[in-house]
Amino acid sequence: MLFHYLDLSWRSFKRTPMVSVLMVLAIAIGIGVTMTSLSVYYMMSKDPIPSKSKQLHHVQLQTMNDGNTYWSKDDVPFQVTYQDAMNLLHAPLPYERTAMYKSGFSVHLGNDQIKPFKEPTRLTTKDIFQMFDLQFLYGGAWTQQQQDDIAPVVVISKRINDKLFNGENSVGQSLYLDDMRVQVIGIIEDWDMSVKFYDLNNGSFQPSEGIFMPITMGPANEIITWGNTNGWKNESDRTFSDLLVSESLWLQFWVELENAQEKADFEQFLMNYMIQQQSLGRFNREKLTANVFNVMELMEYRGVVKEDNKIMVTLSFMFLAVCVANILSLLLAKFLRRAPEVGVRRALGASKWQVFYQHLVEVSLLGLFGGLLGIVIAQLGLWGVRASNGSYNTIANMDLNMLLAAPTIAIVACIIAGLYPAWLVCRTTPAVYLKTQ
Amino acid sequence: MSELKPIFNALCRSKVGAILLLLQIAITTAIVSNSTFIIKEKIAYLDQPTGYSEQDIFSFEVMSFGKDTNFKQQAELDEQALRQIPGVVDAVMIDSVPLSGSGSASTFRLRPTGEKSKGEQANVFQGDEHVLNTLGVKVLEGRNFYESEVMVTDNYDQYPNIALITKALADSLFPDGDALGKSIYRGDFPVKIIGITDMMKGPWLSSERKDRSVITPFVLARKLTQFMVRTEPGRRAEVMQQIESLMLQLDSKRVVENIMGLEQVKGGFVAPDKLTMRMLLVMVVVLTLITALGIFGLTMFNINKRTKQVGTRRALGARKSHIINYFLVESVMICIGGLVLGAVLAILLGQQLMQHYSIAKLPLLYVGFTAVGVLLISVCSVIGPAQRAANISPSVATRTI
């Protein structure tokens, strides 16, 4: 019966092309507008690392003395100090963890073959690659020994490897970061993600760094951060060694915790750590606080989805409602005009349900057309979004989920619009129409 | 007016269509009034005066990697070379570019740390005596730095104890207008105010401290620096083209990047807001069109349904204007119902937005304007179909009965 009804729907579509096209257009525009804002919203709020987002936890410590404030909603600073990062890194704990910060260099090969370019660099520990599921194309991470020995080694991304070494296996090759010669030890796949969740301090939608090096290189070579440094204490920060022992906050810290028990244990450890630090004159405050957030909690906490986007999604669903109301009135007109025909069908023995079903099939078909055309309009919209804001390039896209969501929402919207007209038309009493014919 | 009751009664006989239209008008009013308000706020934000002639200014970044570059000397050389390019008005090495979304800020207080006193967050710009001229900002009171006061260095061991501050900062720290010559404190460190400048926006346009800035005569020469250049009107593009080769000619061991006009720099920072503004604008236009189409469609449908009645009325002596009037009044009745509901919805939506987001209270004026606009649109989209109805000949009615 379904196919028969689909055929009937198509015939009905062709019989009143004007109205049908108008309805498809209405739903398509509604879907186009809704999907444009919904896609951006969805990509912003999407889990950037589904395989690990529950295990990876970002650590924040409330290091500020009582009386100081910060611009986070709970007053806890977003980043950690160098001394805390190192203490947590070296603590005898069974969990994988990493401390990191962003810097950058002029990259060149020490000859004229390649024009020097600027590239952000992440200083971190060897565990980052395993923790964040970074895949090696060639080579591997540096060892703990190399990290402790401050070995001048780097891991580069495919993008940088393509640029410098034409994509060949460049393990063992040298390159220059400013005037420092370093050796390539591994090449990873580009770290592409919708949201730069591991360091949200300089824009949520920035690309990831292309070069990774041992964090021990930082103090040894006085590599300053390219990220934010937040100081709250009036203390000397003139030299790099001042910075290392200061209360300035400029590193990110991540720990991998498998379950609630591990998380509770780790939080208890942090509490003990802060109490121990209090005896050294730090953490001068009544209430000790530490935030241990997993990836999704962190994104929510940092407000990765901007309020503009939330407003747009709300408004565009209201917009869709207007389109549905529009279609509803057009459907009423169309279906009621067909009452005589339905009267005959009913007289010939079709049940009310069959008539109702037939009309719902027809509106679903409209929804499908509208949804497909809506995808085209949404693509146009997203193209506009990308053109208007370059940093949204990775976000203003529809993935498979969104591509499927478009016709689904369209069909559901059309069925909602079609319920009442279909119900009305299936209640047709055959007698009335048979009489007049 | 005696017509109102029969029209209303007729409407009650085909409620659904009317209610749908009414709802549509209501939601449209709610969305459009809130959106236009947000759009207006965004436009005000995007078009705010910055204090700079953005079209004549550009900035760029230089990153050196030479082992034995003397940064202090190089800074002087670079600045001089830039100022000598034909078409350049002035150029300066500066630690942060206004409107760019990256820079530094500090709290400045009336008294040193420890003593309770009024303080304000302010943006800090560091550069030599050419900063103001390059940015095209005037000194309102006091004077600019002298060349001899500028500290060119590669460390923070010493820091100048004089500064220029913007009028906005002066007014908020010294409401009596006697800021000139006074000292303000950054932690324990006093800074004497030697001049007060006209408006110049800071690095973050969205921040509430955007108008409060401090400029210190301090040039930190190091491997990563930024320059700003102002050219004679219309000559910027030509100067921008020469920058990279000139800078590399002066010292080849460096990377010159992000050579961008100031309006482009600003564009990058305000892009999300501009995007929201554009999306809302598209939505308002399309929504208005769709609602107009809806009204048009429903009237057409009504007319088709009532062809016979219209013919009968005409046969019974109604003039064409009566028929047009009938449909107009009918549509205005629905519209007014929709607008009343819409106004309530708009205010509720506005309250919700205000509660959840940092949006100001929706002024009623916007609801009023939107209502008038929607009413006009609905009248316009009814006139066509109504005229068509008026042209129905009485014979149509008589023939088929």
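Helices here are DSSP runs of H or I at least four residues long, and strands are E runs of at least two. With that in hand, take residues 16–39 of chain B: this stretch is 100% helix and 0% strand, and its end C-alpha atoms are 34 Å apart. Keep in mind that you're looking at a predicted model. It has a chain A and a chain B that touch each other, with 37 residues of chain A in contact with 43 residues of chain B. Here's a tour, topic by topic.

**How the chains are divided**

- Chain A comes in two domains: domain 1 takes in 2–46 + 306–436, and domain 2 takes in 63–256.
- The C-alpha centres of those two domains of chain A are 50 Å apart.
- Domain 1 and domain 2 of chain A do touch, through 7 residues of domain 1 and 4 residues of domain 2.
- On the domain 1 side of that contact in chain A, you'll find 4 nonpolar residues, 2 polar and 1 charged.
- Chain B is split into domain 1 (4–47 + 270–400) and domain 2 (66–252).
- In chain B, the domain centres, taken over C-alpha atoms, are separated by 55 Å.

**What the UniProt record says about chain A**

- An unreviewed UniProt entry puts "domain: MacB-like periplasmic core" on residues 20–222 of chain A.
- That stretch of chain A, residues 20–222, is 28% helix and 27% strand, with its end C-alpha atoms 69 Å apart.
- The annotation "domain: ABC3 transporter permease C-terminal", also from an unreviewed UniProt entry, sits on residues 314–430 of chain A.
- Residues 314–430 of chain A come out as 84% helix and 0% strand, and 44 Å lies between the end C-alpha atoms.
- UniProt (unreviewed entry) also lists "transmembrane region" for residues 20–44, 311–336, 356–382 and 403–423 of chain A.
- One of these, residues 311–336 of chain A, is 100% helix and 0% strand, with end C-alpha atoms 38 Å apart.
- Residues 403–423 of chain A are 100% helix and 0% strand too, and their end C-alpha atoms are 31 Å apart.

**What the record says about chain B**

- For chain B, UniProt (unreviewed entry) gives "transmembrane region" at residues 16–39, 280–303, 323–350 and 362–384.
- Residues 362–384 of chain B are 91% helix and 0% strand, and their end C-alpha atoms lie 34 Å apart.

**Where chain A meets chain B**

- Five elements of chain A each supply at least two residues to the side that touches chain B: helix 2 (17–45), strand 3 (97–108), strand 4 (117–124), helix 11 (307–337) and helix 13 (352–388).
- Helix 11 of chain A gives the most to this side, with 18 residues.
- Sorted by class, the side of chain A that touches chain B has 19 nonpolar, 11 polar and 7 charged residues.
- For a helix pair spanning both chains, look at helix 2 of chain A and helix 7 (residues 262–305) of chain B, whose axes come within 12 Å and cross at roughly 165 degrees.
- Angles over 145 degrees count as roughly antiparallel, so helix 2 of chain A is roughly antiparallel to helix 7 of chain B.
- This crossing of helix 2 of chain A and helix 7 of chain B is left-handed.
- Helix 2 of chain A brings Ala26(A), Ile29(A), Val33(A) and Ser37(A), while helix 7 of chain B brings Met279(B), Met283(B), Val286(B) and Ile290(B).
- The contact of helix 2 of chain A with helix 7 of chain B is made up of 7 nonpolar residues, 1 polar and no charged.

**Helix packing inside chain A**

- Helix 11 and helix 14 (residues 400–426) of chain A have axes that come within 8 Å and cross at roughly 30 degrees.
- Since angles under 35 degrees count as roughly parallel, helix 11 of chain A is roughly parallel to helix 14 of chain A.
- The crossing of helix 11 and helix 14 of chain A is right-handed.
- Among the residues that meet here are Leu320(A), Val324(A) and Phe335(A) from helix 11 of chain A, and Ala413(A), Tyr420(A) and Val425(A) from helix 14 of chain A.
- The contact of helix 11 with helix 14 of chain A has 17 nonpolar residues, 1 polar and no charged.
- Helix 14 of chain A also crosses helix 13 of chain A, at roughly 150 degrees, with the axes coming within 7 Å.
- That crossing of helix 13 and helix 14 of chain A is right-handed.
- The contact of helix 13 with helix 14 of chain A has 22 nonpolar, 7 polar and 1 charged residues.

How values were computed:
Residues numbered from 1 in each chain as written. Chains lettered and ligands numbered in written order. Predicted model: local features only at pLDDT ≥ 70, side-chain atom pairs only at ≥ 80, totals over all residues. UniProt positions renumbered as here; feature names shortened; annotations may be inferred. Contact = placed C-beta atoms within 7 Å. Nonpolar A, V, L, I, M, F, W, Y, C, P; charged D, E, K, R; others polar. Axes fitted to C-alpha atoms, helices over the stretch in contact; angles between N-to-C directions. Parallel < 35°, antiparallel > 145°, perpendicular 65-115°, else oblique. Left-handed = near helix turned anticlockwise from the far one by under 90°. Domains from an automatic or database assignment.
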